[in-house]
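Here is a short briefing on one protein model. Keep the structure open while you read, and find each residue as it comes up.

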Amino acid sequence: MTRTRIGRLALAGLLAAPLAGCGDGDELTAPVTIVQIQLSNGNCGNLLVGGSCALIVIVIGSDGEPVEEPRLRWFSENIVIATVSGSGVVSGINQGTATIRVETVDGGIFDETTILVRDAGGGPPPDGPAP
């Protein structure tokens, strides 16, 4: 054998050795496709200006089970009223209503909810009915 061939064989052995030790019986599975997002207001039913609350999102995969750590994007359709973080925490900015949307990173699956932000003084929002 030539020196080059021996070097290639040694390199191939080094690359294959870590893979040989990975066979602990677990099978590799394909990523689960997201088929549904369920968004609920969580504790956002009484959001006040200056306050914050967390929305609850459940992501269902093609296997019918919840997907852990899904890649999602969050949006507020009225950032003058409420903003939303990348983890679904809503902050009340001004009185009014804002639609919050969560979607898969490709935008194919989504859900949305409407958040009512009230003045800390208890008054009705300018575009809503009196309490």
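The model is predicted. The structure holds one disulfide. One of its sheets is open and has three strands, in the order β3-β7-β6.

**The three-stranded sheet**

- Strands of a sheet pair through backbone hydrogen bonds, in either a parallel or an antiparallel way.
- In the sheet β3-β7-β6, the pairing is antiparallel.
- The edges are β3, residues 52–54, and β6, residues 82–84. Each of these edge strands pairs on one side only.
- On average, neighbouring strands of this sheet are turned by 20° against each other, with direction ignored.
- Strand β7 covers residues 89–92 and joins β6 through three bridges, in the antiparallel sense.
- To see this pair of strands, look for Ala 82, which stands opposite Gly 92 in β7.

**Strand β8 and its partners**

- Strand β8 runs over residues 96–104. Is this strand mostly covered or mostly open? It is mostly covered, with seven of its nine residues buried.
- β8 pairs with β5 in the antiparallel sense, over five bridges. Here Phe 75 has Arg 101 in β8 as its bridge partner.
- β8 also pairs with β9, residues 110–118, through eight bridges. This pairing is antiparallel too.
- Thr 99 has its bridge partner in β9: Thr 114.
- β8 and β9 form a hairpin with five residues between the strands. In this hairpin, Gly 107 takes a positive phi near 80°.

**The disulfide**

- Which cysteines form the disulfide? They are Cys 44 and Cys 53.
- Their sulfur atoms lie 1.9 Å apart.
- The link of Cys 44 and Cys 53 is right-handed, with 105° about the S-S bond.
- Cys 44 and Cys 53 are both buried.

- Most residues other than glycine have a negative phi.
- Glu 69 is not a glycine, yet it has a positive phi of about 55°.
- Where is Glu 69 placed? It sits in the loop between β4, residues 56–61, and β5, residues 72–76.
- Glu 69 has a relative accessible area of 77%, so it counts as exposed. The cut-off for exposed is over 50%.

Note on methods: Residues numbered from 1 in each chain as written. Predicted model: local features only at pLDDT ≥ 70, side-chain atom pairs only at ≥ 80, totals over all residues. Heavy atoms only, no water. Pairing = 2+ DSSP bridges. Helix = DSSP H or I, 4+ residues; strand = E, 2+ residues; numbered from the N terminus. Axes fitted to C-alpha atoms, helices over the stretch in contact; angles between N-to-C directions. Buried < 20%, exposed > 50% of the residue type's maximum accessible area, 1.4 Å probe, protein only. Disulfide = S-S within 2.5 Å.
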